[in-house]
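Reader: I would like to go through the labels used for this model and ask what each one rests on.
Author: Go ahead.

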Amino acid sequence: QQGKIPQLKALRLHNGTIYRWNRPCYGIIDGKPHLRIENRILPSGPSIADEVANAAFWCGLMVEFDRKFDDISKHLDFEHAANNFYVAAREGLAASLTWLGNREVASATLVLDTLLPAAEAGLRHRGIAEQDIARYLGIIDARVRSGRTGARWISTSLRQMKDEGTLNERHTALVAATVLRQREGKPVSEWELARLEEGGMAKHAYHQVEQVMTTQIQTVQPDDAVELVANVMGWEKIRYVLVEDRDNKLLGLVTTRALVRFMASGGMLSDARASDVMKVDLITVTPRTPTLEVIHLMREKRLGCVPVLQDDRLVGIVTQEGMLRIASLLLENELSAP
């Protein structure tokens with residue numbers, strides 16, 4: 001009424017927390033209001049070709065099922081549809097689904113034998129070009145037959161890199177590989193698994209502590225026997241074991257040097273507790289601490305490791321061994337550069 005653009009702040013705020021399958025969204029960009037309807041059913045790519053194939057598959061099915069069934073709820077109970085949703089989300093192509101007539105069928109079989117032919121008929125009924133039908137539904141067919149979805153590619157790539165690099169390096173390699181394969185324009189069924197070296201040795205990959213710290217931490221309780229601490233060091237081939245309470249609050253640090261001093265003074269490992277030999281005046285950093293700052297700190301204070309705390313909770317540890325490994329990778333990359 002005032003000739004102004006309504007902000008509708010409450011609507012925009014609360015509508016952003018509602019995830020209907022078809023959701024109306026109101027927004028203002030560069031002073032211009034706009035209204036859009038989001039179709040949130042379609043799964044993500046990871047390539048543009050895969051996303052268009054998903055859309056073609058779904059649209060073809062909706063057209064064909066609308067033609068074939070008056071009311072789909074008369075042919076498939078809601079309870080079965082809901083269960084199918086959760087099973088498919090958890091297990092993907094390995095899921096067993098309940099289809100029309102209450103028959104159990106493997107998801108891959110259902111897609112190949114029933115859903116793809118139905119989608120093809122629906123797209124053809126709407127006059128979609130035959131070459132487009134063949135191309136995009138062919139992407140779905142290849143994805144199912146290869147068993148390689150976007151989620152499967154991610155999980156398999158990470159599993160293959162399990163013992164290589166840090167978690168940050170693996171994630172960096174995964175993103176870099178995703179971008180590279182997207183640019184190639186191939187659907188995910190044709191993607192090679194991500195490799196650690198694809199992440200490169202970019203400076204930004206080691207800018208903060210969270211990118212270089214180890215999150216697989218061996219810890220003990222303060223009342224654990226020192227003999228157990230020594231065994232943990234031997235089993236895991238580590239020189240430091242952190243001591244924390246049951247709320248993950250850091251209490252101290254036990255080092256191999258402390259154990260040697262304890263034994264040299266006549267102490268018995270079986271009689272002492274971790275709290276008897278741990279160092280308590282620890283220097284700590286946060287995940288957002290600059291890596292260079294930690295390097296200077298370790299060198300200045302002659303520290304073999306530095307615990308990483310976030311909101312007073314132990315989340316990681318930076319060690320000399322970890323920093324040496326990263327330094328060697330950076331040096332190798334620098335020396336091998338043309």
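Reader: What span is expected for helix H7, and what span does H7 reach?
Author: In this predicted model, H7 covers residues 167-184 and has 18 residues. At 1.5 Å a residue the expected value is 26 Å, and the distance from the first C-alpha of H7 to its last is 26 Å, close to that expectation.

Reader: Which residues of H7 are called buried, and what makes a residue buried?
Author: A residue is buried when its relative accessible area is under 20%. In H7 the label goes to Asn168, Glu169, Arg170, Ala173, Leu174, Ala177, Thr178 and Arg181.

Reader: What follows H7?
Author: Glycine 185 follows H7, and its phi is positive, near 80 degrees.

Reader: How do you know that the span of helix H3 agrees with its number of residues?
Author: H3 runs over residues 78-91, and its 14 residues should span 20 Å at 1.5 Å a residue; the end C-alpha atoms lie 20 Å apart, so the two agree. After H3 comes glycine 92, with a positive phi near 60 degrees.

Reader: Why is phenylalanine 85 called partly exposed?
Author: Phenylalanine 85, in helix H3, has a relative accessibility of 43%. Together with Trp21, Ile41, Leu42 and Tyr86, Phe85 forms a nonpolar surface patch with about 500 Å² of accessible area.

Reader: Why is lysine 279 called partly exposed?
Author: Its relative accessible area is 40%, and the label applies between 20% and 50%. Lysine 279 sits in the loop between helix H10 (274-277) and helix H11 (291-301). On the surface, Lys279 gathers with Arg257, Arg261 and Arg302 in a patch of positive charge.

Notes. Residues are numbered from 1 along each chain as its sequence is written. This is a predicted model: local features need pLDDT of at least 70, side-chain atom pairs count only at pLDDT 80 or more; totals for chains, interfaces and linings use all residues. Side-chain values use heavy atoms; hydrogens and water are left out. Patches are made of residues with over 30% relative accessible area and no salt bridge: like charges are joined within 9 Å, nonpolar side chains (Val, Leu, Ile, Met, Phe, Trp, Tyr) within 5 Å. Accessible areas come from the Shrake-Rupley method with a 1.4 Å probe; for residues, only the protein chains shown count as cover. A salt bridge is a side-chain nitrogen of Lys or Arg within 4 Å of a carboxyl oxygen of Asp or Glu. Lys and Arg count as positive and Asp and Glu as negative; His and the chain ends are not counted. The place of a charge is taken as NZ of Lys, CZ of Arg, CG of Asp or CD of Glu. Helices (H or I, at least four residues) and strands (E, at least two) are DSSP runs, numbered from the N terminus. Buried means under 20% relative accessible area, exposed over 50%, partly exposed in between (1.4 Å probe, protein chains only). The expected span of a helix is 1.5 Å times one less than its number of residues.
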